[in-house]
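Trainee: I have just opened this one and would like a walk through it. Could we take it topic by topic?

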Amino acid sequence: MNRALASQQAHYEINKMSTQREQPSIPLIDLATQSSRIKEEVLARIGRVIDKANYILGEEVAEFEAEFARYCGVEHCVGVANGTDAIHLALRALDIGPGDEVITAANSFAATALAIAYSGATPVLVDICEDDFNIDPVMIQRAITPNTKAIIPVHLYGQPARMQEILAIATRHDLKVIEDSAQGHGGELNGTRCGAFGDIACFSFYPGKNLGAFGDAGACVTRDARLAEKLQLLRNYGQVVKNRHDLLGFNCRLDTVQACVLLTKMQFIEEWTEQRRQVAQWYREELANTDLLLPIERSGARHVYHLFVIRHPERDQLMKFLAGRKIFCGIHYPNPLPTAQPFSAARTIPENVPVCTQLSGEILSLPMYPEMTREQVATVAAAAEEFGLMTVRG
Ligand SMILES: Cc1ncc(COP(=O)(O)O)c(C=O)c1O
């Protein structure tokens, strides 16, 4: 290599290093930072479980269940293995199965509809409201048939679904309501917490959720003692006492070790939720001059910003541009559920969910986690602004 070329190469390497130093990457979520704060306490709790060897349904599970029920404002919580199992068991507990139809949102994570399919019922996937991405009560009403047994509203991205309208429809048609609150921990509508609206509400504690375990975990919460008892049997082989099986149960209990993580994190859930809301506020301020369409917060709703989802007509190019600036985003979710192979037998065709279909090509989840700083938010906003200027100039 000649000297000029070598010097140019050296300059390039130095520049590359300094840009790397100037802008560390911004991930979609950052679990490691949060975990480092609670690691010691989690390890101490897990250490006690190891000493007692009470790995299955140890007292930490009951302790967490009592705390989480209190947090949701209901009487009962039954810890299960994950959020998908929570929805499946809720349907079983309500005796919903083959021949029944269950209405849910076409833009949810696939697990909502998969759980309906596990029960033997038919998922009916309906369109959403354009303003807040949540299930549209008008579409629920239109989808009701004599076979409809339940509605599963999803508190998508952390914004409570329109529960007043949904509960009114359910009462009129004698339908059960199961909340999919996998993204709604701590969300509120007119002072009522997500989890306290339906017959049963289902939570996921997947690591990236607002309350996340160190692996898979989930829970059902309910006000109804009889349903809670049935859920306890369903999660534990249908066993009333050891080796007496009174109903077709499953093995999907919450691990004691995961309950230790969740118990530790419960102390911080409100603090982390407020931090998420602060990050959302910063985004609103910093993104005000961009062409991104920002999420709304409905009147009376406490949005808990599991995700901060914006809209942009050139979503894919924007996502690529931000990735080039080491800002990593996500899409929740890129494909409407009626397009997925397992739901081809569902009563919905993609053409019936135009809002969901349109939005699936425009939505983008920006980085969002409680520990995000205003500086990081400003960096995302500056890059989004730069993208806007570039596209205007052509
Ligand atoms: C809306 C929704 N429903 C259900 C689930 C399923 O939860 P899990 O992954 O814990 O089974 C998830 C999360 O993954 C979700 O986001």
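**A loop, a core and some salt bridges**

Mentor: Let us begin with I56, which lies in the loop between α2 (31-52) and α3 (59-72). Keep in mind throughout that this is a predicted model.

Trainee: Which residues make the nonpolar surface patch with I56?

Mentor: I56 makes that patch together with I50, Y55 and L57, and the nonpolar surface involved is about 370 Å².

Trainee: Okay, now the inside. Which members of the largest nonpolar core touch the most other members?

Mentor: They are I103, I135 and I140, out of the 36 residues that belong to this core. The elements that give two or more residues to the core are β2 (101-105), β3 (122-126), α6 (137-143), α7 (163-173) and α12 (354-360), and the largest share, 4 residues, comes from α7.

Trainee: Which domains does this core draw at least three residues from?

Mentor: It draws at least three residues from each of domain 1 (34-125 + 134-266) and domain 2 (268-393).

Trainee: And what does I140 touch?

Mentor: Leaving aside residues up to four places away in sequence, I140 touches I103, V126, I135, I151, I166 and I169.

Trainee: Switching to helix α5, which of its residues are buried?

Mentor: In α5, which covers residues 110-119, the buried residues are A111, T112, A113, A115, I116 and S119. These buried residues pack against α4 (83-93), β2, β3, β4 (148-152) and β5 (176-180). After the helix comes G120, whose phi is positive, near 95°.

Trainee: New topic: how many salt bridges are there?

Mentor: The count comes to 22 salt bridges. One of them joins the side chains of E41 and R45 at 3.1 Å, N to O, and both residues lie in helix α2, 4 residues apart, about one turn of the helix.

Trainee: What about K230, which residue does it form a salt bridge with?

Mentor: K230 pairs with D95, the closest N and O atoms being 2.9 Å apart. This pair links distant parts of the chain, since K230 is in helix α8 (residues 225-234) while D95 is in the loop between α4 and β2, 135 residues apart.

Trainee: Is K230 buried or exposed?

Mentor: K230 is buried, with a relative accessible area of 18%, whereas D95 counts as exposed at 62% relative accessibility.

Trainee: Last one: which residues are linked in a network of salt bridges?

Mentor: That network links E188, R193, E270, E274 and R302. Within it, E270 and R193 form a salt bridge with their closest N and O atoms 3.5 Å apart. E270 lies in helix α10 (residues 269-286) and R193 in strand β7 (residues 192-193), so the pair ties together parts that are 77 residues apart in sequence.

Methods
Residues are numbered from 1 along each chain as its sequence is written. This is a predicted model: local features need pLDDT of at least 70, side-chain atom pairs count only at pLDDT 80 or more; totals for chains, interfaces and linings use all residues. Side-chain values use heavy atoms; hydrogens and water are left out. A nonpolar core is a set of buried Ala, Val, Leu, Ile, Met, Phe, Trp, Tyr and Cys residues joined through side-chain atoms within 4.5 Å. Buried means under 20% relative accessible area, exposed over 50%, partly exposed in between (1.4 Å probe, protein chains only). Domain bounds come from an automatic or database domain assignment. Contact means heavy atoms within 4.5 Å. Patches are made of residues with over 30% relative accessible area and no salt bridge: like charges are joined within 9 Å, nonpolar side chains (Val, Leu, Ile, Met, Phe, Trp, Tyr) within 5 Å. Accessible areas come from the Shrake-Rupley method with a 1.4 Å probe; for residues, only the protein chains shown count as cover. A salt bridge is a side-chain nitrogen of Lys or Arg within 4 Å of a carboxyl oxygen of Asp or Glu.
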